[in-house]
Amino acid sequence: MAKAVEVVIMGQTFSVTSDDGEEHVRQVAMQVDRTMRDFAGGGKVVSSFTAAVLAALNIASECQKLRQDVAQIDATIDRLTQRLGDASGESASAEPSGDAKESAIRNG
């Protein structure tokens, strides 16, 4: 059950309800606060709204880069799993299972 968590961002208190847990909400709020403060303290006077938009763009950019990294890692795992399957004589047309991907990650 989601529980409301009080967080402070740029001196303003927010009540956030999330299924992701209190610690997660606090960590996310700290990241947003830190990013907004970086923009607000960068020498130029910016409004809270501008700092929020710039922080959102920055965080969304980081998220997009991480998604691209994950996609590249998944593609590499798929290629390596295919090569492993080919080397061991498994069917080349079989889609690697999640277990095979996990095993490939653990075993390098």
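This dialogue walks through a few features of the predicted model shown above.

Visitor: How many salt bridges does the structure hold?

Guide: A salt bridge is a side-chain nitrogen of Lys or Arg within 4 Å of a carboxyl oxygen of Asp or Glu, and the structure holds three. One of them joins Lys3 to Glu22, with the closest N and O atoms 3.3 Å apart. Lys3 lies in strand β1 and Glu22 in helix α1 (residues 22-40), so this pair ties together parts that are 19 residues apart in sequence; helices (H or I, at least four residues) and strands (E, at least two) are DSSP runs, numbered from the N terminus.

Visitor: What separates Arg26 and Glu22 in helix α1?

Guide: About one helical turn separates them, because they are four residues apart in α1, and their side chains meet in a salt bridge (3.0 Å, N to O).

Visitor: Is Asp33 buried or exposed?

Guide: Buried means under 20% relative accessible area, exposed over 50%, and partly exposed in between (1.4 Å probe, protein chains only). Asp33, at 15%, is therefore buried, whereas Arg37, its salt-bridge partner, is partly exposed at 44%.

Terms used
Residues numbered from 1 in each chain as written. Predicted model: local features only at pLDDT ≥ 70, side-chain atom pairs only at ≥ 80, totals over all residues. Heavy atoms only, no water.
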